[in-house]
Amino acid sequence: MDDVKIDLITEEGAGELLTVRRAAFVTEAQLYGDPNLPALTQSLTELVADIGRPDVVTLGAWIGHRLVGSVRVELEAERATLGRLAVVPDLQGRGIGTQLLMAVLQYLPEQTKEVWVFTGQDSKHNLAMYNKAGYEHQFDQHTGDLTYAYLRRILGEDGPEADAGLADLPERDVTA
C-alpha cells in the first residue's frame, strides 16, 4: 500500500498500539488454542514501560491517522530481535507487514550485524514472509505448549541501511 507511513511509536500512542496488537494476535491465539499469548496479556502499563526502554524501538504503520500495524525491535550489541509484528485484521494481506519488516532496517544502529525474529512454528504465512525477506530458520524452542521457530538474517557489510533498500516484497501480512 502506497499510503502507509512508518515511524516511531511514542508512549502517547501506547493505547492505540495495545488495541492493534490485541486485534492482530487474536488469529494467532486461535491458531494455537492459547488466549494467553504475551501480546494479548501485556498491560498498558507494561507496554508504556517497554516503549520507553532505550534498547527497544517500536515502529508503527499509519494510514492517515489510523495506526494499522506495528513491530517491536530489541537492540543488543550487534544483534536486533524483532517481535510482535502485527497488522490490523481488516488490512492483512496488503503488504503492510512486509513494509514494517523492511523499515526496521533503517532504524538499526550501524553496528547491527544480524537480525533475529521468532514466530510460532505453525504460523506458515509468517515463516514464508520472513523467508522471502532473507531470514533463515536457525532453531526451534519449546515454551510451554508452544514451539517457536527462530530465524536470522545476516546483514551485509554495508550495514542495515544498505540492506533496507534491497527488498520490495509484496506478500501476505500476518502477525508474529
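Good morning, colleagues. The structure is a predicted model, in which local features need pLDDT of at least 70, side-chain atom pairs count only at pLDDT 80 or more, and totals for chains, interfaces and linings use all residues. Residues are numbered from 1 along each chain as its sequence is written, and side-chain values use heavy atoms, with hydrogens and water left out.

I begin with Gln 42. This residue lies in the loop between α2 (38–41) and α3 (44–51); helices (H or I, at least four residues) and strands (E, at least two) are DSSP runs, numbered from the N terminus. Is Gln 42 buried or exposed? Gln 42 counts as buried because its relative accessibility is 9%, where buried means under 20% relative accessible area, exposed over 50%, and partly exposed in between (1.4 Å probe, protein chains only). Beyond its neighbours within four places in sequence, Gln 42 is in contact with Leu 18, Arg 21, Arg 22, Leu 47, Asp 50 and Arg 84, contact being heavy atoms within 4.5 Å. With Arg 84 there is also a polar contact, side chain to side chain, at 2.9 Å. A polar contact is a pair of N or O atoms within 3.5 Å; within protein, one must be able to donate a hydrogen and the other to accept it, and residues adjacent in sequence count only if both atoms are side-chain atoms.

I turn next to strand β7. Two strands pair if DSSP finds at least two bridges between them. Strand β5 (residues 114–120) pairs with β7 in the antiparallel sense over 7 bridges, and Glu 114 stands opposite Ile 154 of β7. Strand β6 (residues 136–143) is also antiparallel to β7, joined to it by 7 bridges; there, His 137 has Leu 151 as its bridge partner in β7. The hairpin of β6 and β7 has 2 residues between the strands, and Gly 144 in this hairpin takes a positive phi near 60°.

Now to charged pairs. Side chains of opposite charge can pair when their charged atoms come close. A salt bridge here is a side-chain nitrogen of Lys or Arg within 4 Å of a carboxyl oxygen of Asp or Glu, and by this rule the count is 9. Asp 90 and Arg 66 form one, at 2.8 Å from N to O. This pair links distant parts of the chain, 24 residues apart: Asp 90 is in the loop between β4 (79–87) and α4 (96–103), and Arg 66 is in strand β3 (residues 66–76). In another, the closest N and O atoms of Lys 113 and Glu 78 are 4.0 Å apart. Here too distant parts are linked, with Lys 113 in the loop between α4 and β5 and Glu 78 in the loop between β3 and β4, 35 residues apart. Finally, Asp 50, Arg 53, Asp 55, Arg 72 and Glu 74 are linked in a network of salt bridges. Within it, Asp 55 and Arg 53 have their closest N and O atoms 2.7 Å apart.

I close with the backbone. Most residues other than glycine have a negative phi. Ala 77, however, has a positive phi near 50°; it sits in the loop between β3 and β4 and is exposed, with a relative accessible area of 64%. Arg 84, not a glycine either, has a positive phi of about 55° and belongs to strand β4.
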